[in-house]
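Hi,

Here is the structure I promised to pass on. Have a look at it first, and then read my notes below.

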Amino acid sequence: MQTTADRGGSFGPPACDVRNWMRASPPGIAFRFPRAESSPVGGGARTARPRRRVLKWIAAACLALGVVLAGNAAYIHAKALLAQVLLHRAWVATQATGVPARPWPWADTTPVARLVAPAQDVDLLVLAGATGRTLAFGPGHHDGSAMPGAAGNTVISAHRDTHFRFLRELAVGDALIVEMPAGQRFHYRVRGIEVADQRNLRLPRLPAERTLTLVTCYPFDAVDAGGPLRYVVVATAEGALL
Amino acid sequence: MNADRNFSASNAHSLRGHVYRDVARLAAEAFAAGLVISLALALAIFIVSTQADAAELGAVPGQGTLMLKRAAGEAPVAAPLLFTDVDVAVSGMTARTTVTQRFANPTTEWTEGVYVFPLPEKAAVDHLDMRIGQRRIEGQIRERGEARAAYEQAKTEGRKATLVEQERPNVFTTSVAHIGPGEVVTVTIEYQETLRYDTGAFRLRFPMVVAPRYVPGSSAIDGEPGTGWGVNTDQVPDAERITPPVTHPDLGFINPVTINVALNPGFALSKIDSPYHRIDVSESVDHRYAITLANGPVPANRDFELVWTPDVAAAPGAAVFAEHKDGKTYAVAMIVPPAPIAGAGAQRSPREAVFIIDTSGSMEGTSIRQAKQSLQMALDRLQPGDRFNVIEFNSVTKALFGAPMPVDTSTLARARAFVTALRARGGTEMKPALEAALTDDVAPGFVRQVVFLTDGAVGNEGELVALIRARLSDRRLFTVGIGSAPNSFFLTKAAQYGRGTFTFIGDVREVAEKMGALFTKLESPVLTDIAISWPGKSEVWPREPGDLYAGEPIVVVAQTDALDGGVTITGRRGGVPWSATVPLSASAAEPGIGVLWARAKIEALTDALKGGESEMDVKKAVIEVALAHHLVSKYTSLVAIDVTPTAPPGTTSVQSALPTNLPEGASFEAIFGGAQTATPATLHLLLGLVALLFAVIAWSSANGRLKHFAQGH
């Protein structure tokens with residue numbers, strides 16, 4: 001198992017060398033005198049100036065890197081939120097017209113179902129396919145797993161830090177509702193929650209009951225996005241209500 | 001330099017606000033220091049919390065209260081370790097292979113090991129022995145049910161036992177009862193096979209892993225119990241028996257294999273090649289060669305293939321080998337028809353080509369690249385006047401066109417874009433795709449071909465082959481086996497019933513060569529309406545040899561009363577009657593032909609099931625042949641039982657399914673699911689903040705403020 005500690009080597013932005021700024025303490029006094037380009041100052045001042053320049057470049061690089069990284073983090077969350085807003089609009093349009101509506105003009109995916117967790121006040125639109133591209137916008141329905149309402153196991157995955165953050169609040173006995181484009185609703189109740197190593201996990205394609213399985217990464221607060229553990233919520237059907 | 005100047009200027013300019021600036025500086029530096037400390041703390045908490053979460057997990061797995069089906073044999077019980085040694089003796093056109101499986105139990109529990117593994121689809125398994133230390137117990141052939149009962153009986157009596165069962169002609173199970181703690185039980189299996197001669201070269205194939213199979217079906221049933229991860233369904237009632245657990249590639253390779261081949265081809269060779277593994281070849285006298293893996297054992301995660309090419313002058317035209325056994329005479333004859341008549345292909349009829357490409361999850365990785373490249377090459381070969389269609393399938397089937405379209409620049413461009421955009425994911429629902437290709441419409445004036453690119457990783461082979469047989473009409477279906485561990489049984493059977501031929505592509509580098517050879521074959525069969533007449537009283541298999549394509553030989557096996565006269569093959573070559581006679585008197589003696597004959601007969605009898613023969617009659621006939629020749633079949637198994645009990649009375653061994661590797665180049669996640677379900681947002685935010693902090697520190701340091709701060713201003 002890989003923990004964050006194992007991957008410690010990747011920590012710390014490479015552009016910022018910690019030892020450099022510790023050592024590069026230029027004589028502060030030199031700094032306080034008005035400087036002339038031609039003045040023959042001591043050797044210390046001559047080395048201090050390039051050092052300062054280097055430090056400023058490092059500062060600029062770190063600033064840029066920091067803005068890009070933090071910006072990207074914000075972008076990931078903004079995208080996840082905004083996409084759901086657009087998907088809800090597309091869903092309403094799809095249900096009104098009966099024609100699958102694209103959530104945004106260049107979208108290569110359409111919502112296939114709506115997942116509601118009443119107790120947690122969560123309302124998500126599920127996309128076709130659980131690939132990295134779809135999961136950025138919403139939970140993904142696994143290709144090859146059953147469609148909601150059909151016999152078998154419906155498997156839906158999403159990111160633990162965006163759409164499926166609410167799974168940690170789900171408890172056994174909680175209700176889940178899945179709505180289909182045509183308006184049918186399927187009610188499920190959470191039967192069990194388990195943490196499993198994804199490398200040993202086999203989700204049955206044809207369990208005895210109609211099943212909804214929600215999968216996300218575990219632990220919820222880990223920094224590392226690549227761990228093998230999965231938080232698996234299994235719910236079984238309670239019959240269809242139209 | 002510029003920045004420096006500006007800076008000193010501003011410094012001089014702001015001497016007046018010295019006090020305010022010092023206060024502000026102090027505040028900023030205090031803030032920076034605080035940030036450093038809090039970030040360091042945050043980082044420490046993150047790391048610690050991750051580890052705490054991981055530790056807390058120790059208690060969670062293993063509860064097993066849910067419907068999640070964990071593959072048996074995985075954590076917490078360690079499975080026995082498996083080491084395989086393969087020794088092949090090639091003589092002429094037959095090979096005898098000894099597979100030694102060593103089951104080592106590193107645990108402190110008594111264990112029953114169950115290992116599901118592949119063998120060549122035409123392997124005639126006729127020998128088993130089990131070795132415990134110095135003792136050696138030979139296996140006996142029994143009806144499947146009886147053998148299973150004898151094995152279970154031995155198990156309850158605390159005696160060691162080994163059972164070898166056939167699940168598919170190319171999938172077998174070895175079960176070993178009562179492997180003691182720290183003990184090693186060695187199981188040796190032997191089989192005989194006829195080598196494949198094609199396009200001027202002999203090929204020996206040794207498969208090493210049963211690729212994860214997709215199990216179609218609409219409802220779960222009890223079916224036949226097994227130890228795999230699959231769920232038995234109405235369409236695959238023995239899914240549990242053909243789906244061995246798979247180790248994630250991140251956890252390292254398991255099941256090391258050594259391979260040694262003693263090659264006695266009987267003629268001079270121009271080339272020996274192993275396309276997927278590095279080998280060492282040493283030649284001894286008389287064109288005999290010893291071949292071994294160059295870098296020691298390899299993980300059992302892809303087919304081994306050995307290809308040897310005769311010198312042009314020594315290339316065989318015909319060969320006969322014979323064996324006298326139990327008062328009977330068996331002979332195998334191979335005849336290579338002459339090359340197609342030059343110019344016969346000049347009058348090319350227009351084609352209707354339908355390409356089916358498997359885009360299921362098992363194709364993800366190197367396989368889909370091979371398949372797409374092969375398909376693009378096939379599109380290149382289409383000519384004006386032809387028509388074509390492309391069908392992709394995974395959980396759903398999607399056709400490029402509603403019906404085959406004429407070849408022109410626009411349809412070809414659409415096809416290329418369609419193929420380029422294909423991605424592999426989801427299930428392997430093959431039936432709707434075959435139904436879409438094998439429609440019941442007619443196309444007078446067109447030569448109709450279906451080219452089927454797949455790894456064949458499905459569990460319902462029989463159903464699919466029956467579908468091909470029923471709906472083929474005047475088409476010919478060609479299979480292209482893709483990937484490192486294709487399902488050779490399905491691919492060869494589909495081609496047989498599709499009246500076409502098959503090719504295997506295991507590497508992107510092979511695409512051009514293998515597809516080129518397939519295109520030559522696609523032009524037309526070189527020999528049709530083949531009939532064989534064997535002199536004297538004889539029983540010849542196969543009864544109805546299929547059409548031959550360029551470079552392929554006819555191979556027939558007979559039980560006969562005498563080796564007089566000659567075997568006569570008749571057929572139509574380029575529309576003209578053709579015949580050839582091979583004298584039997586020239587036959588060379590070779591052991592193992594009787595077994596090959598029995599195996600060919602069993603295959604023909606089993607094929608008759610698809611022709612509507614009753615299962616009862618077929619079963620009876622197969623059991624009779626199999627028992628007489630000591631052969632493992634669908635209805636007969638080999639079982640070896642120790643005479644004395646070695647397990648303490650009352651021992652119940654832990655049943656443990658031996659895991660396999662994932663086939664090389666495949667994607668575990670694409671087959672078993674498990675997309676990455678976390679974003680790097682938290683990590684990026686954290687790193688971003690650290691970078692910003694360093695920016696502040698570097699900037700302050702450049703201005704000497706850190707020193708200032710340290711001096712206590």
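First, a term you'll need: a residue is buried if 20 or more other C-beta atoms lie within 10 Å of its own, exposed if 12 or fewer, and partly exposed in between, with C-beta atoms placed from the backbone. By that rule, 47% of the 713 residues of chain B count as buried.

Keep in mind that this is a predicted model, where local features need pLDDT of at least 70, side-chain atom pairs count only at pLDDT 80 or more, and totals for chains, interfaces and linings use all residues. Residues are numbered from 1 along each chain as its sequence is written, while chains are lettered from A and ligands numbered from 1 in the order in which they are written.

Chain B has 14 helices and 34 strands. These are DSSP runs numbered from the N terminus (helices: H or I, at least four residues; strands: E, at least two).

Now for one residue. Ile357(B) sits in strand E20 (residues 351–358) of chain B. Is Ile357(B) buried or exposed? Ile357(B) is buried, because 26 other C-beta atoms lie within 10 Å. Leaving out residues up to four places away in sequence, Ile357(B) touches Ala371(B), Leu375(B), Val390(B), Glu392(B), Leu422(B) and Leu453(B). (Contact here means C-beta atoms, placed from the backbone, within 7 Å.)

E20 turns up again at helix H6 (residues 430–437) of chain B, as part of what covers the buried residues of H6(B). Those buried residues are Met430(B), Ala433(B), Leu434(B) and Ala437(B). They fall within an arc of 95° seen down the axis of H6(B), so they line one face of the helix. The arc is that of the directions from the helix axis to the C-beta atoms.

Next, a sheet. In chain B, 3 strands form an open antiparallel sheet in the order E27-E30-E31. Two strands pair if DSSP finds at least two bridges between them. The edge strands, each pairing on one side only, are E27 (528–533) and E31 (576–583) of chain B. Strand E30 (residues 566–573) of chain B is joined to E31(B) by 8 bridges, and Ile569(B) stands opposite Ala580(B) in E31(B).

Last, a helix pair: the axes of H10 (residues 593–608) and H11 (residues 615–628) of chain B come within 10 Å and cross at roughly 175°. Axes are lines fitted to C-alpha atoms, for helices over the stretch in contact, and angles run from 0 to 180 degrees between N-to-C directions.

Cheers

Methods:
Contact = placed C-beta atoms within 7 Å.
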